[in-house]
Protein chains: 2
Amino acid sequence: MKKTPGTGDAHPAQPKADKASVRRHNLSLVLRTVHEAGETTRAAVAARVGLTRAAVSSLVEHLLDQGFLVESGKTFSGQAGRPGTVLKAADTGPAGLGVEINVDYVSVCVVDLAGTDRLRITHPADNRVHRAAGAAEVLGRAARIAARVLARAAERELHPAGVRLALPGLVSRGTVHQAPNLGWNRVEADRIFAAALTALRPGQPELPVASDNEANVAALAELWFGALGDVRSFLHLTGEIGVGGAIVVNGELLRGAHGFAGEIGHMVVAADGPLCRCGSRGCLEQYAGQSALLRAAGLAEKGTAVSGSAVEELARRAEAGEPRAVAAVEEAGRMLGLALSGAVNLLDPEVVVLGGIYPRLMPRLAPAVDAELAHRVVSGLWLPSAGRLRPASTSTDAARGAAAVVIREVLSDPLSYGR
Amino acid sequence: MKKTPGTGDAHPAQPKADKASVRRHNLSLVLRTVHEAGETTRAAVAARVGLTRAAVSSLVEHLLDQGFLVESGKTFSGQAGRPGTVLKAADTGPAGLGVEINVDYVSVCVVDLAGTDRLRITHPADNRVHRAAGAAEVLGRAARIAARVLARAAERELHPAGVRLALPGLVSRGTVHQAPNLGWNRVEADRIFAAALTALRPGQPELPVASDNEANVAALAELWFGALGDVRSFLHLTGEIGVGGAIVVNGELLRGAHGFAGEIGHMVVAADGPLCRCGSRGCLEQYAGQSALLRAAGLAEKGTAVSGSAVEELARRAEAGEPRAVAAVEEAGRMLGLALSGAVNLLDPEVVVLGGIYPRLMPRLAPAVDAELAHRVVSGLWLPSAGRLRPASTSTDAARGAAAVVIREVLSDPLSYGR
């Protein structure tokens with residue numbers, strides 16, 4: 001046998017961790033424990049993490065001193081031990097900045113260490129590019145919005161530790177390889193955005209910039225801030241101009257070998273269907289994307305996914321029983337169900353979450369999706385009564401997810417981000 | 001924020017491992033290291049695992065004594081230190097028994113600790129059931145074959161530590177929930193097989209029995225014994241009467257929330273296509289399964305997937321350019337490509353491996369599959385020249401994979417299995 005069967009490669013025993021790295025690890029552990037609890041006490045943290053009360057107190061002092069934690073005046077009788085002063089994550093200091101650049105809008109938000117969405121600017125904008133320089137212009141525009149948000153954040157003593165871009169395309173190592181609906185190809189998004197932002201903030205420290213697929217961070221937002229309860233494995237769809245998808249398995253994104261997983265919008269639902277911007281035919285987004293839906297319903301695509309006026313109009317008409325609107329939504333639902341039945345047969349998730357424009361359309365959309373899932377998922381677990389098809393929470397979106405990814409990095413190693 | 005964003009739940013610090021559990025862990029580490037190396041020395045093992053030479057020697061003595069390792073007479077000059085006596089995994093003693101029950105055959109094999117396929121009996125058999133008691137009869141028949149193989153194994157001093165069943169259906173916690181092509185529903189396979197096997201071996205120790213999906217263990221066989229090189233993330237298809245599928249991500253099976261992941265045979269390739277045994281319409285296996293292929297080629301389904309006579313005939317005709325055979329294989333390839341394009345867009349694997357009847361059909365099949373992948377995978381990474389579509393290795397199959405899963409369990413905790 002050439003390889004050890006799956007027990008993992010034998011690896012050298014861990015070198016003994018030195019004192020500094022143990023402390024670094026424990027600072028993160030204590031910070032994450034407080035963060036997760038919302039409000040807690042030193043004693044409760046000590047009980048939870050299995051360190052002595054004295055050790056926890058020392059770590060907490062450090063985290064208070066560096067601005068990651070604050071004490072509130074009140075005392076609190078937790079489950080473990082005597083009442084103590086309440087600790088919580090700071091609502092000033094280190095924060096995360098998320099910048100979603102979608103086809104027809106830019107949305108920028110700041111999330112504080114506790115995970116609260118604190119500042120937000122969303123601008124309708126046509127980000128489709130029609131010539132070579134276009135992507136840089138779009139990124140420059142987004143950087144200007146980000147700079148404005150950063151200035152306002154500073155007034156509130158919020159200091160983002162980094163920027164995460166959320167983009168509707170195939171993103172890997174800072175480059176958008178392809179974003180069919182933006183018309184982007186091989187755009188070095190991180191580099192261009194970082195240069196633009198730095199130029200707009202003379203004399204201020206450069207912020208690290210990283211990019212991700214917008215559907216991926218939208219799924220993380222649903223995981224962290226949504227209403228999924230104990231669900232840790234799900235498929236997340238974002239209905240926009242395109243249809244984004246992300247796969248979460250045991251609380252982690254399944255990113256694929258090149259970071260390109262989740263492209264459910266390009267699953268084929270009709271082999272000889274209409275041409276897609278990706279070059280294939282009959283992709284799901286040609287039936288269930290926003291443009292396709294509005295076209296089928298006879299609605300001009302006015303407004304944007306943000307203002308949502310056309311989608312709102314579609315939802316109103318569908319609810320009123322207007323035949324063309326009903327037919328458009330039901331056909332989209334049938335095609336969503338067809339693609340989703342394949343994805344569910346393949347992945348066996350606990351639930352499927354529909355975000356973007358879909359929650360607003362659920363009354364007519366969900367029954368059509370459910371019918372396909374009930375008919376086509378081989379396990380028989382997807383009957384409508386099982387409640388496995390869910391609308392995304394209204395409090396989640398890609399920009400918030402992107403900002404929270406930065407927070408995640410801070411929580412995992414606070415020493416790198418202290419003041 | 002209700003949940004710590006993805007840094008994992010804060011968990012209590014690990015209790016200090018006691019001496020016995022450290023030794024238990026290290027025995028496994030040393031055994032796996034020798035197993036993986038094939039042939040090695042104490043000094044090389046010590047260098048690899050980061051333990052002292054003395055500690056490794058003590059562990060090796062224990063493993064020799066318990067029959068997991070053997071010394072060969074020769075000495076060997078490895079990269080680390082002086083020449084030493086060669087150690088390798090024992091080719092007697094603890095072994096694994098794999099039992100594949102597919103639609104038209106049963107295959108039983110014994111794999112030794114080194115991973116070698118040592119004994120094998122394969123019987124053509126119609127395992128489709130048509131009445132309530134049928135599944136128990138099929139399992140009883142398989143147990144009789146297993147008992148014969150166990151008797152022969154004992155003659156060679158091979159003593160399987162457990163049995164893994166490989167079944168073409170949805171398997172979870174010892175029960176086959178559904179196996180459309182077998183006609184099984186809610187069959188407690190583990191319990192029935194174990195009882196039958198125990199009855200056939202009076203006075204002998206009961207063997208633990210566990211079940212898995214046959215496509216899952218076939219994929220593990222490909223990972224452990226195939227020709228994938230460094231590939232650790234792939235999609236594996238097994239063309240039989242049905243079309244099985246399995247997803248391997250970073251060297252581990254993606255099993256899904258209920259253990260039902262990988263059902264690529266029931267991805268829909270034509271919404272209104274022929275009725276499938278699962279109740280849906282237009283499933284991939286209605287176009288690319290063995291029965292569908294032979295029917296389309298005008299070949300009666302004589303022989304079995306094991307003897308392969310009908311498939312062999314199909315392959316000969318397709319290679320000779322017989323129009324109906326060519327059309328059947330190419331249509332199957334087109335439909336495989338259609339379903340796979342969706343799976344690849346969703347999962348972004350490194351490669352796709354086609355097993356079962358497909359390797360024999362590759363000359364006409366692969367170009368049709370490749371054309372769809374090149375056309376429809378949005379990343380553009382699936383051009384035929386990339387070599388991402390591969391036939392399964394001839395040395396891998398579900399029975400061998402199932403047996404190797406038992407070996408994996410032995411390697412991960414040898415103390416539980418020593419003599």
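Q: Before we look at anything, what makes a residue count as buried or exposed?

A: You count the other C-beta atoms within 10 Å of the residue's own: 20 or more means buried, 12 or fewer means exposed, and anything in between is partly exposed. Keep in mind that this is a predicted model.

Q: Okay, let me try that. Is A:Arg186 buried or exposed?

A: A:Arg186 has 9 C-beta neighbours inside 10 Å, so it counts as exposed. Its place is in strand E10 (residues 184-187) of chain A.

Q: How many bridges link E9(A) and E10(A)?

A: Three bridges, with the two strands paired in the antiparallel sense. To find one on the model, look at A:Val176, whose bridge partner in E10(A) is A:Val187.

Q: Now chain B. In what order do the strands of its five-stranded open sheet come?

A: The order is E6-E5-E4-E7-E11, and the pairing is mixed. Strand E6 (117-124) and strand E11 (209-213) of chain B sit at the edges with a single partner strand each, so one side of each has no neighbour in the sheet. The twist averages 20 degrees from one strand to the next.

Q: Which way do the neighbours of E4(B) run?

A: Take E5(B) to begin with: strand E4 (residues 93-101) and strand E5 (residues 105-112) of chain B pair in the antiparallel sense over seven bridges. These two strands form a hairpin, with three residues between them. B:Val99 has B:Val108 as its bridge partner in E5(B). Now E7(B): it runs parallel to E4(B), and seven bridges join them. There, B:Gly93 has B:Leu158 of E7(B) as its bridge partner.

Q: How many residues of E4(B) are buried?

A: Nine of the nine, so E4(B) is largely enclosed by the rest of the structure.

Q: Which helices should I look for around that sheet?

A: Helix H5 (residues 189-200) of chain B lies across strand E7 (158-167) and E11 of chain B, at about 135 degrees to E11(B). Helix H6 (residues 214-225) of chain B packs on the sheet too, touching E4, E7 and E11 of chain B, and its direction makes about 90 degrees with that of E11(B).

Q: How do I describe two helices packed on each other?

A: You give the angle between their axes and the distance between the axes. For H1(A) and H2(A), the angle is about 115 degrees and the axes are 10 Å apart. Their crossing is right-handed. A:Leu29, A:Val30, A:Thr33 and A:Val34 of H1(A) meet A:Val45, A:Arg48 and A:Val49 of H2(A). By class, that contact has five nonpolar, one polar and one charged residues.

Q: Which residues touch the most other members of the largest nonpolar core?

A: That core has 278 residues, and the ones to look for are A:Val99, A:Phe193, A:Leu284, B:Val99, B:Phe193 and B:Leu284. Leaving out residues up to four places away in sequence, B:Leu284 touches several residues, including B:Val243, B:Ile264, B:Met335 and B:Ala339.

Q: Last one: how many residues of each chain are in contact with the other?

A: 66 residues of chain A are in contact with 66 residues of chain B. On the chain A side, H10(A) gives the largest share, seven residues. That side has 33 nonpolar, 23 polar and ten charged residues.

How values were computed. Residues are numbered from 1 along each chain as its sequence is written. Chains are lettered from A and ligands numbered from 1 in the order in which they are written. This is a predicted model: local features need pLDDT of at least 70, side-chain atom pairs count only at pLDDT 80 or more; totals for chains, interfaces and linings use all residues. A nonpolar core is a set of buried Ala, Val, Leu, Ile, Met, Phe, Trp, Tyr and Cys residues joined through C-beta atoms within 7 Å. Two residues are in contact if their C-beta atoms, placed from the backbone, lie within 7 Å. Helices (H or I, at least four residues) and strands (E, at least two) are DSSP runs, numbered from the N terminus. Ala, Val, Leu, Ile, Met, Phe, Trp, Tyr, Cys and Pro count as nonpolar, Asp, Glu, Lys and Arg as charged, and the others, Gly among them, as polar. Two strands pair if DSSP finds at least two bridges between them. Axes are lines fitted to C-alpha atoms, for helices over the stretch in contact, and angles run from 0 to 180 degrees between N-to-C directions. A crossing is left-handed if the near helix is turned anticlockwise from the far one by less than a right angle, and right-handed if clockwise.
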